[in-house]
Amino acid sequence: MLVQPAIAQDASIVSLEEALDLTGVADDATSSTFNPRIVGPRAESEAAQALVGQARLRPNPEVSLEVENIAGSGAFSGLSATEYTLAVGQRIELGGKRGARVAAAEAQAQLANLRTDLAGAELGFLVRERYVAAAAAASRVELARDVVDRNEELARIAGVLVEVGREPPLRALRAEATLAEARAELQAAEANSLAARTALASLWGEQDTPPLVPGAFPNIEPPAAVLASATSLPLQVARGQSATAAAEIDYERSLRIPDPVVSAGVRRFEESNDSAFLVGVSIPLPFWNRNQGNIAAAEARLRAANAREVVALADFELTVTRARSQYLAAEARVETLSTTSLPQAEEALRLVRIGYRNGRFPLIEVLSAAEARDAIREALITAQEDRGQAAAELIRLAAQ
């Protein structure tokens, strides 16, 4: 006798909508969630936004104090000839450095926001994908149980027919062997179902009691159209990377222009007890270092980002085409199997089982009809799983 895993006894049934809520996919941008798959990208976005504020800040002023002619010899011995100079300096940013720095930081922040949105879309895809897989595993458990029940009934009937001499003993042995195989398949199906439910629950951190998933597949409606436009998140991220690389070039180019430091201060002469004001300007001379290496590196990164954008567009169009074809093909298989093939196989099996009970058909005919019906049910489960996976993929691709 087969026993259900103890871990499932206290588990609750969860729907696809509840699974999406548990993982935090349905949360808005301002809500809190403890899912690390969302917390991490959101923290990266917050860090990038903080860097925008940092980029807007101007350079700090500098204060300098100089003491000259101290502890020398002769007339400069002691502190009688000491000169004190107190000055304040301010670096003046030229060449649009501050604006370029802010623009680069804002491009990084925008890219981080897009990656946060994409992480949410990817998590939603994982939830739908694993939920469909768990539903398929539950359906296979139901199929395996039906096979066990049917083979138990066939084994009982075969035993009765052998006792009355209407079937040779080999028929009963064949029925018992088939029943043992069915029970082994049921155990494997239950193990696969537990693994699928555990994988689903891991998306919201639940490991002790994975939820139960009904065998009925959820109705996942794909978007009516998935366009390779700027609104698609994967392409927005690729374009954001190019925009960020372009902004980095502008910032690196602005660093070619040196920034002067303007200073003003007061000097006191201890010997005469006089004081004087002073002003000064210092400018770096860009003889060797004109930031040319960083500029060349930023330009190379822009070329790489542009190439990745082209590849992302091509891959996106291919993925959309493949997912849409898979969805339509799976939907056609589901329609054919559920409305035509499976009802015919069920009716054929019913007639053969009636004939077998009345001694008109041998056991081999019943097993053959049952195997044909089970194969169609398995094909229907596979088609429903493929349709759900393709719909989840199309939803991910259409995320904006």
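Predicted model: local features only at pLDDT ≥ 70, side-chain atom pairs only at ≥ 80, totals over all residues.
Mentor: Let's start with α3, which passes α4 in a left-handed crossing.

Trainee: Fine. Why is α3 called roughly antiparallel to α4?

Mentor: α3 packs against α4 (residues 169-201) at an angle of about 165°, with the axes 8 Å apart. Those axes are lines fitted to C-alpha atoms over the stretch in contact, and angles run from 0 to 180 degrees between N-to-C directions. Angles over 145 degrees count as roughly antiparallel, under 35 as roughly parallel, 65 to 115 as roughly perpendicular, and the rest as oblique. So α3 is roughly antiparallel to α4.

Trainee: And which residues make up the contact of α3 with α4?

Mentor: They split into 24 nonpolar, four polar and 10 charged. Nonpolar here covers Ala, Val, Leu, Ile, Met, Phe, Trp, Tyr, Cys and Pro; charged is Asp, Glu, Lys and Arg; the others, Gly among them, are polar.

Trainee: Why are α3 and α6 described as roughly parallel?

Mentor: Their axes come within 11 Å and cross at roughly 25°. That angle falls under the parallel cut-off, so α3 and α6 are roughly parallel to each other. This crossing, too, is left-handed.

Trainee: What about α5 and α6: parallel or antiparallel?

Mentor: α5 (residues 233-254) and α6 (residues 292-357) pack at about 170°, axes 8 Å apart, and therefore they are roughly antiparallel. The residues of that contact divide into 13 nonpolar, four polar and eight charged.

Trainee: Why is Arg150 called buried?

Mentor: Buried means under 20% relative accessible area, exposed means over 50%, and partly exposed is in between (1.4 Å probe, protein chains only). Arg150 has 6%, so Arg150 is buried. Arg150 sits in α3.

Trainee: What makes the pair Arg150 and Asp374 a polar contact?

Mentor: A polar contact is a pair of N or O atoms within 3.5 Å; within protein, one must be able to donate a hydrogen and the other to accept it, and residues adjacent in sequence count only if both atoms are side-chain atoms. The side chains of Arg150 and Asp374 make such a contact at 3.0 Å.

Trainee: Is Asp259 buried or exposed?

Mentor: Buried, at 9% relative accessibility. Asp259 lies in the loop between α5 and β3 (261-269). Its side chain makes a 2.7 Å polar contact with the side chain of Lys97, and a polar atom of the Asp259 side chain lies 3.1 Å from the backbone nitrogen of Leu94.

Trainee: And why does Glu17 count as exposed?

Mentor: Glu17 has 52% relative accessibility, so Glu17 counts as exposed. Glu17 is found in α1 (residues 16-23).

How values were computed. Residues numbered from 1 in each chain as written. Heavy atoms only, no water. Helix = DSSP H or I, 4+ residues; strand = E, 2+ residues; numbered from the N terminus. Left-handed = near helix turned anticlockwise from the far one by under 90°.
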